[in-house]
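Thank you all for coming; I would like to take a few minutes to walk through one chain, going from the whole fold to single residues. Please have the sequence and the structure open as I speak.

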Amino acid sequence: MPKPWSPLSPVARKARLLAGLDEVGRGPLAGPVVAAAVVLPDDFPIDELADSKSLRPARRRLLSDLIRNHCVVGVASLPAPAIDRLNIRAASLEAMRRAILALPVVPDFALVDGRDIPPGLPCPAEAVVKGDATVAAIAAASLVAKVARDAMMVKAAGEFPGYGFEKHMGYGSPAHLAALREKGLTPLHRLSFAPCRTIAGNNLQSRVVQKRDKIKFDP
């Protein structure tokens, strides 16, 4: 049965180029926050879309490829040092701003998942609570951002083996917390988050902090 997407607001319906905007990665202890902006063409099969959290990884990857191949897409990320410097809320908003600026076109209007509209957008915007589950363009952005971030964390697992990044994607799972206690921090860890901040109090970890800005994972 086709998903019953919520009706758009009158101003959103009038937009010729409507962008959906979402981010993933607010909660993890490690890795970047990643955002995506997506402009869906009129003929895109929106019934195939769903909130990324409700789909299996293989299905997410398939849909992300479909979106990237047939839609206008922008992706951006902010790494752990920027998250620590700005705070996670501000970093998430900045990642979304950069994602919409990464689009090869300037949209007429943007629908943003959540309660906040990122400052500095190039177009008017509307915040939609739970938009990733109710607005097709936001769901598409959520899928692209989630798949991009997961790929970055799988790559991180190769750079920093033994932490299980390819399984928990940086979230604070029991296995991740156990690895932190045993192995200490990596340059990908967010020092402003409590479990990492506790470990960072050990002076032996200072050398890790100094190297963090050199770690790059492209979305």
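This is a predicted model: local features need pLDDT of at least 70, side-chain atom pairs count only at pLDDT 80 or more; totals for chains, interfaces and linings use all residues.

The secondary structure of the chain amounts to ten helices and five strands. The radius of gyration is 18 Å, close to the 17 Å that the globule rule gives for 219 residues, so the chain is as compact as a globular protein of that length. If you look along its principal axes, the C-alpha trace spans about 55 × 35 × 25 Å. Buried residues account for 53% of the 219 residues, and the chain exposes about 10,900 Å², of which carbon and sulfur atoms supply 54%. When we take contacts between residues at least 6 apart in sequence, 64% of them join residues at least 24 apart.

Let me turn to the interior. In soluble globular proteins, nonpolar side chains tend to be buried together. Which residues touch the most other members of the largest nonpolar core here? They are L21, V33 and I100, in a core of 30 residues. At least two residues of this core come from each of β1 (18-24), β2 (33-39), β3 (72-78), α3 (80-86), α4 (88-101), β4 (109-113) and α9 (194-200), and it is α4 that gives the most, with seven residues. Apart from this core lies another, of 25 residues, and V24, A136, L143 and M152 are among its members. Coming back to I100, and leaving aside neighbours within four places in sequence, we find this residue in contact with A19, L21, A37, P107, A110, L121, P122 and C123.

The 14 residues of α4 reach 20 Å from the first C-alpha to the last, close to the 20 Å expected at 1.5 Å a residue. Its buried residues are I88, A91, S92, L93, E94, A95, M96, A99 and I100, and you will notice that this list includes S92 and E94. Against which elements do the buried residues of α4 pack? They pack against β1, β2, β3, α3 and β4.

At the N-terminal end of α4 there is a cap, which is provided by N87: a side-chain oxygen of N87 lies 3.1 Å from the backbone nitrogen of R89. N87 itself sits in the loop between α3 and α4, and it counts as partly exposed because its relative accessibility is 42%. Most residues other than glycine have a negative phi. N87, although not a glycine, has a positive phi of about 95 degrees, and M169 is another non-glycine residue with a positive value, its phi being near 60 degrees. M169 belongs to the loop between α7 (165-168) and α8 (174-183), and with a relative accessible area of 13% it falls under the 20% cut-off and is therefore buried.

The other helix I would like to show you is α6, residues 136-159. Its 24 residues reach 35 Å from the first C-alpha to the last, close to the 34 Å expected at 1.5 Å a residue, and the helix is mostly covered, with 19 of the 24 residues buried. S142 has its place in α6, and, at 1% relative accessibility, it counts as buried. Not counting residues up to four places away in sequence, S142 touches D22, V24, D51, S52 and D132.

Beyond its neighbours within four places, V73 is in contact with A37, V38, I67, R68, A102, L103, P104 and V144. A15, in the loop between α1 (10-14) and β1, is 129 residues from V144 in sequence and 22 Å from it in space, C-alpha to C-alpha. With the neighbours within four places again set aside, A15 is in contact with D108 and F109.

Note on methods
Residues are numbered from 1 along each chain as its sequence is written. Side-chain values use heavy atoms; hydrogens and water are left out. A nonpolar core is a set of buried Ala, Val, Leu, Ile, Met, Phe, Trp, Tyr and Cys residues joined through side-chain atoms within 4.5 Å. Buried means under 20% relative accessible area, exposed over 50%, partly exposed in between (1.4 Å probe, protein chains only). Helices (H or I, at least four residues) and strands (E, at least two) are DSSP runs, numbered from the N terminus. Contact means heavy atoms within 4.5 Å. The expected span of a helix is 1.5 Å times one less than its number of residues. A polar contact is a pair of N or O atoms within 3.5 Å; within protein, one must be able to donate a hydrogen and the other to accept it, and residues adjacent in sequence count only if both atoms are side-chain atoms. The radius of gyration is taken over C-alpha atoms; the globule rule is 2.2 Å times the number of residues to the power 0.38. Accessible areas come from the Shrake-Rupley method with a 1.4 Å probe; for residues, only the protein chains shown count as cover.
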